[in-house]
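I opened a new notebook page for this one.

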Amino acid sequence: MPDGGNAVQILLLVGGITLVPAALFTLTGFTRILIVLGFIRTGLGTPTAPPNQVLVGIALFLTIFVMMPTFKAVNEDAIQPLRQNKITQEQAYKRAEKPVREFMFKQTRERDLALFVKLAKVDRPKTRADVPTYVLIPAFIISELKTAFQIGFLIFLPFLVIDLVVSSTLMSLGMMMLPPVFISLPFKILLFVLVDGWNLITQSLVQSFG
């Protein structure tokens, strides 16, 4: 039978696994990517295409692609030394936290960070190292939401123009009873395909994390 120390480690491991989805949503670019993909679907006017499962899958693998340099740093600096018993679990945690914090700092606006520093009622940090992680995470999430909605706004503009043109044309022809969405939908899909929309969106999303 496992001793008490091993039992506690197993319990902590199981508990940590349950937190993986939360970490995926809050500590990576998954939120931004998924929201932008949702905006694309809404802008096209196809609420069920692509399905939610497909969007989540695309967002997941794009997140892995974007986060791969961070994951590599965590693996090389923390996981592998820990497996080789070169460092303790506490040292591994601190080493793993460093590249993740660096990624979040690059994506976090100073205004959002200042807000949560103020709400946490902590001393004004002089360096990034002085910013507690529990303050950095919500600031990062808020910044990700704003960035995602900014990208979503730019995505909506060309689709909005098509809707306006179709609506004005139908109104001028006196076709008031025909829903504009039936006419604009194929034009929006055609535009998205002609400009290679998925390529442009993917490129823009990945570069937005630079």
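Before anything else, a term: the helices here are DSSP runs of at least four residues, numbered from the N terminus. That numbering lets me place Arg109, which is found in the loop between H5 and H6. I'm also noting that this is a predicted model.

**Entry: Arg109**

I looked up how open Arg109 is. Then I checked what Arg109 touches: leaving out residues up to four places away in sequence, I found Ser143 and Lys146. I also checked Arg109 against Tyr134, which is 25 residues apart from it along the chain. Their C-alpha atoms are separated by 16 Å.

**Entry: H5 against H7**

For a pair of packed helices, I need the angle between the axes and the distance between them. H5 covers residues 89-107 and H7 covers residues 133-172. Their axes are 9 Å apart and the angle is about 40°. H5 and H7 are therefore oblique to each other. The crossing of H5 past H7 is left-handed. Who makes the contact? On the H5 side I listed Glu97, Arg101, Phe103, Met104, Phe105 and Gln107, and on the H7 side Thr133, Leu136, Ile137, Phe140, Ser143 and Glu144. Sorting the residues of this contact gave me 6 nonpolar, 3 polar and 3 charged.

**Entry: H4 against H5**

Next pair. H4 and H5 pack with axes 8 Å apart, at an angle of about 165°. Angles over 145 degrees count as roughly antiparallel, so that is what H4 is to H5. This crossing is right-handed. From H4, the residues that meet H5 include Val66, Met67 and Thr70. From H5, Gln89, Pro99 and Phe103 are among those that meet H4.

The largest nonpolar core has 35 residues. Phe103 is one of the members that touch the most others, along with Ile33, Val36, Ile40, Leu113 and Ile201. At least two residues of this core come from each of H3 (30-44), H4 (52-83), H5, H6 (110-120), H7 and H9 (197-207). My course-notes reminder: in soluble globular proteins, nonpolar side chains tend to be buried together.

Where is the cis peptide bond? It runs from Ala49 to Pro50, with omega near -5°. Pro50 is found in the loop between H3 and H4.

I also flagged Asn85, whose phi is near 60°, a positive value in a residue other than glycine. Asn85 is found in the loop between H4 and H5. Is Asn85 buried or exposed? Its relative accessibility is 70%, so Asn85 counts as exposed.

Lys121 has a positive phi too, near 60°, and is not a glycine. Lys121 lies in the loop between H6 and H7. With a relative accessible area of 76%, Lys121 is exposed.

How values were computed: Residues numbered from 1 in each chain as written. Predicted model: local features only at pLDDT ≥ 70, side-chain atom pairs only at ≥ 80, totals over all residues. Heavy atoms only, no water. Axes fitted to C-alpha atoms, helices over the stretch in contact; angles between N-to-C directions. Parallel < 35°, antiparallel > 145°, perpendicular 65-115°, else oblique. Left-handed = near helix turned anticlockwise from the far one by under 90°. Contact = heavy atoms within 4.5 Å. Nonpolar A, V, L, I, M, F, W, Y, C, P; charged D, E, K, R; others polar. Core = buried A, V, L, I, M, F, W, Y, C linked by side-chain atoms within 4.5 Å. Buried < 20%, exposed > 50% of the residue type's maximum accessible area, 1.4 Å probe, protein only.
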